Structures are given as structure tokens and as C-alpha cells.
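Hi,

Here is the structure I promised to pass on to you. Have a look at it first, and my notes follow below.

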Amino acid sequence: MKEETPQEGPALEPKRGLAEEIMAEHGEDVYRCYQCLKCSAGCPMTFAMDYPPSQVMRMIQLGQEEDLLASKTIWVCVTCNTCSIRCPNDIDIALVIDSLRQKALRKGRHPAKENVALFHKYFLDNVKKRGRTFEGELLARYQLKTGQAFENAGLGLRMFLKGRLGVLPESVSNKKAFREIYRRVEERGGKK
Amino acid sequence: MKTIGYYKSCSLNASSNDYARSLEMCFSRLGTQLVPIEDWNCCGASSAHATNELLGLALPARNLALAEQQGLNPLLVPCSACYTRMLTAADKIRKSDALTAEINEIIAPLRYMGTVQVRNILEILWTEVGADAILRARKHDLGGMKVLCYYGCYLTRTPGVASFDNREDPRSMERLLQMIGAEPLDWPYKTDCCGAGFSLIDAPVSVQLCEKMYDMALELGAEAIVATCPLCQTNLDVNQDKLRKEKSAPYKIPVFYLTDLIGLSGGADFGNKLWRKRFIDPRELLSRYALA
Ligand code: SF4
Ligand code: SF4
């Protein structure tokens, strides 16, 4: 019988999927998740999520990136850190979800919860202007844009009625120098 | 008088300036003066870390660099959301030379060497001010007022950093309140989430998270809830007001800051101006205990 000589095949490339990227960028090894579901059991926001945190971990392992970037979960997670401190495999799940949200923005994916994405954007614009938030301006801009009816308005209007929203903005001493921080962060694409 | 540095932060500077007043008056009763970081900036909580990792580290780092330069170490961060972001940034920068270098390029000409110890209010009261100072300052006894301690998410839950108290069942706030004569009750929601900034983005989410806490408070016969964070205090306070008006719910439980009660015990006279900022007016309760 003729012996098969091993064929010279193409060198095996190490796979670099979503999980590997998260590992490289944040040091979190999502492959450690063994689906004990402890994270999902304690998550206060599952009622508003399409995938609970344990499922997010599984989807990352399977590389289902687009589904995750389009999910509601990444926008309704409040980063309460309950999942992160309870995970028996020490995965910082909240950080992993942060990384997905950041990725969705970097890739320009449409946020499943537009109002949340908008709030974050307005908040950071507001800080960029003066180095400190000017709550009145931020909330007015947000409520006008999202068209929250007044009777539905949340904290913002109530705070206003209670006289708790300042009328004068405050700022850091050197606004121009402060904005340099934003510029340098943007230059680096927002990533470490 | 002893001094302690603190990060005043946006909410204490504006919508929750009643907390800044409560803190400063309480600490002065305890013989400590609070010194704010000069020229502090917003730490970005919670939008920066949520959307831009590097900004979420750089904004706290500027404050840390200023605190270091101004000799404010340890640094008290009273808002829990700010606390966890400042603590995370300090910890990550301390553990990585590469990150330290990168952050210093971003915040230049400021420079952070990584020395600042970020502390929350409970740690500062226990380790810097000292329980003995609270005992010595006592002028009024809280007369067995039944209170629920609310720690919320971030006092004990910063991933990767050891917690000063039990993560799931902290007791340090209860201990302090016992010292001034209050009666803290046990309850299962002390480290649950109030929705934090979501009360601004999507109010019903926060209302839903808080509602079960009020029901439990009523069931247990609690007279007040005690918080340490401006977001927690405001959410727990305003959501009751909302449910009362919209659903005629029976909730009317004052939500204090820990420093309100320690301050009152030490004889601080906060005056009506402070209590008027609260949605559920605590004055009736306070007068029942001869505290206002
Ligand atoms: S707690 Fe950890 S191991 Fe368990 S399902 Fe969640 S991520 Fe996986
Ligand atoms: S951090 Fe997000 S996913 Fe984790 S428990 Fe909290 S809300 Fe749920």
C-alpha cells in the first residue's frame, strides 16, 4: 500500500472572532462562560432585553456579532455590575456589554434603543462644551428631540419644577485645553 | 481642623446641591473640613464608559491628576456612579504602564502618577473620620427611628477591585446608624438597582425598579430610607412622588442621605431650605423625633 505523504496545506490561521477580539482588547475571556445563568438570574433589566446576559456570552462565543450589535440588550443594560461580581468564572460581563455597545457605535450600527444612544451623545457633547454638565440644557435638548410629552417627562421636568436645575452653566477654567482631551481620544478612535 | 479632599461632581454642584450642603455641614460637625478638587471636570458617568472606553478613563484621570497635584489623598467621591468610574480608572491606570503612558498623553500637560486612593463615603467615615468622632459629636439620639439602608449598585460593586464591605450584604451603614440611635431594619433590596441615569432617559424603567422597594418598606414598617448617592436618593425620592400623583400610591417615605442623619445627631441645623429640595418632605417625621 502506498503511503500517503502529508500534504503541505495552507498554514492554519489562528481564528480571530468576536470573543478573541474582546479578549485582546479588554482581557475578558468569554469562553470561560459555562452557562450557569447566574448573571441572568440576578439582572434587573432582563424584562427589557431581547437576550439576557448569559445568552450574550454564548452568542459571542458563536460569533453572532451582528445580532448582538443590533440588540436591545446592549442599550438597556444599566451597568449595575450585578452580573460581573457574581459570575463564578470571573467574567466582567458588564464590561463586555460596554464593549459591544462601543463597537456598535464605532461601526455605525443603528441602535435598537435610539433614545438611549441619543442621551449618551447629548451628555458627552454637553460635557465637551464646558467640562461640566449643564443639566438644564442637556435635558431640554433631550426632551425636545425625543418629544417626551410633558406629563410623561421623567426626572428632568420634576427637577425643574422643584427649582433644582441650575440656570447658569459652570465650566472648567480652560475649556480649550479640556477639549484637547476629547480630540486626543477621538484621534485614537476611543480605544485603548 | 482635619481636611479631606473631595470630588464635588456635577450633581452635587447643581441638582443635588442639598447633598453637598448636608455633607459639608455633617463633616464640619465631625471636626473635618471637606476640600473640593479645584477645577474638577465631569467624570463622564455613565455615558462615557458606555460609549467610549478611552474617554471613560481619561475624564476621571484628569480629576485624579488634579487631586494628586493638590495633595488631596485619599479622595472622597460621594456620588456612587462617579465613585465607581473614578475607582475603575485609578485601578486600571495603576495596573498598567502602557495605559498610564497613554492617559498621560491625553491629559497632558497634566500628568497622573497613580497615587490617589479613591474612597466612598462609608470608607471615609469609618477609616478617616472615625466612628469615635461620630460618637463624640452626638447631641441628639435618633430615638429608634426605623430606617432601611440603601447601598445601591456601586458602593460595593466595582468589578476587579476589592470591596471595603461585603458585596451582597454590606453592614457598614447600619453600624453607623445604630451608633446614633436609629434602628436599621433588614431588607432584601439594599444593593438592588434604582435605575441610576435611566430615570432621565426612560423614567418608567426606574419607577419599576423602585416600586418593589417601597412596597417592602411599607410592609416592614420602615419610617425612612437612607442613601449615600445623589442619583439613588433622587430616584428613590422622586419616583414615590410620581407614583403618588399618577397612581395614588400610598408611598410617603422620606429618603435621607446618611450625612443628613449623622449631621442631625451631631446638632447640625440644616434649616428648611434643605428639606424643601426633597420630593417627600421629611419634616413631619423629623419633628416627631424632635429633630427639626
Ligand atoms: S454567570 Fe458567568 S458563567 Fe454563568 S452564565 Fe453568566 S457569564 Fe456564564
Ligand atoms: S450590568 Fe447589565 S447585564 Fe449585568 S446585571 Fe446589570 S443590567 Fe444586567
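Let me start with Ala290(B), which is exposed, with a relative accessible area of 62%. Please keep in mind that this is a predicted model. Ala290(B) sits in the segment after α14 (283-288) of chain B, and its phi is near 55 degrees, a positive value in a residue other than glycine.

Ala196(B) also has a positive phi, near 40 degrees. Ala196(B) counts as buried because its relative accessibility is 15%, under the 20% cut-off. You will find Ala196(B) in the loop between β6 (183-184) and α9 (198-201) of chain B.

From Ala45(B) to Ser46(B) the bond is cis, with omega near 0 degrees; Ser46(B) belongs to the loop between β2 (32-36) and α3 (47-51). The bond from Ala108(B) to Pro109(B) is cis as well, with omega near 10 degrees, and Pro109(B) is in the loop between α6 (97-107) and β4 (118-119) of chain B.

Now to ligand 2. It is surrounded by 14 residues, with Cys43(A), Cys77(A), Cys80(A), Asn81(A) and Cys83(A) the closest. By class, the shell has 11 nonpolar, 3 polar and no charged residues. Helices α6 (82-86) and α7 (93-106) of chain A each contribute at least two of the shell residues.

Finally, helices α8 (114-130) and α11 (175-187) of chain A pack at about 135 degrees, with axes 7 Å apart, and are therefore oblique to each other. Their contact has 4 nonpolar, no polar and 6 charged residues.

Best wishes

Terms used
Residues are numbered from 1 along each chain as its sequence is written. Chains are lettered from A and ligands numbered from 1 in the order in which they are written. This is a predicted model: local features need pLDDT of at least 70, side-chain atom pairs count only at pLDDT 80 or more; totals for chains, interfaces and linings use all residues. Side-chain values use heavy atoms; hydrogens and water are left out. A residue is near a molecule or strand if one of its heavy atoms lies within 4 Å of it. Helices (H or I, at least four residues) and strands (E, at least two) are DSSP runs, numbered from the N terminus. Ala, Val, Leu, Ile, Met, Phe, Trp, Tyr, Cys and Pro count as nonpolar, Asp, Glu, Lys and Arg as charged, and the others, Gly among them, as polar. Axes are lines fitted to C-alpha atoms, for helices over the stretch in contact, and angles run from 0 to 180 degrees between N-to-C directions. Angles under 35 degrees count as roughly parallel, over 145 as roughly antiparallel, 65 to 115 as roughly perpendicular and the rest as oblique. Buried means under 20% relative accessible area, exposed over 50%, partly exposed in between (1.4 Å probe, protein chains only).
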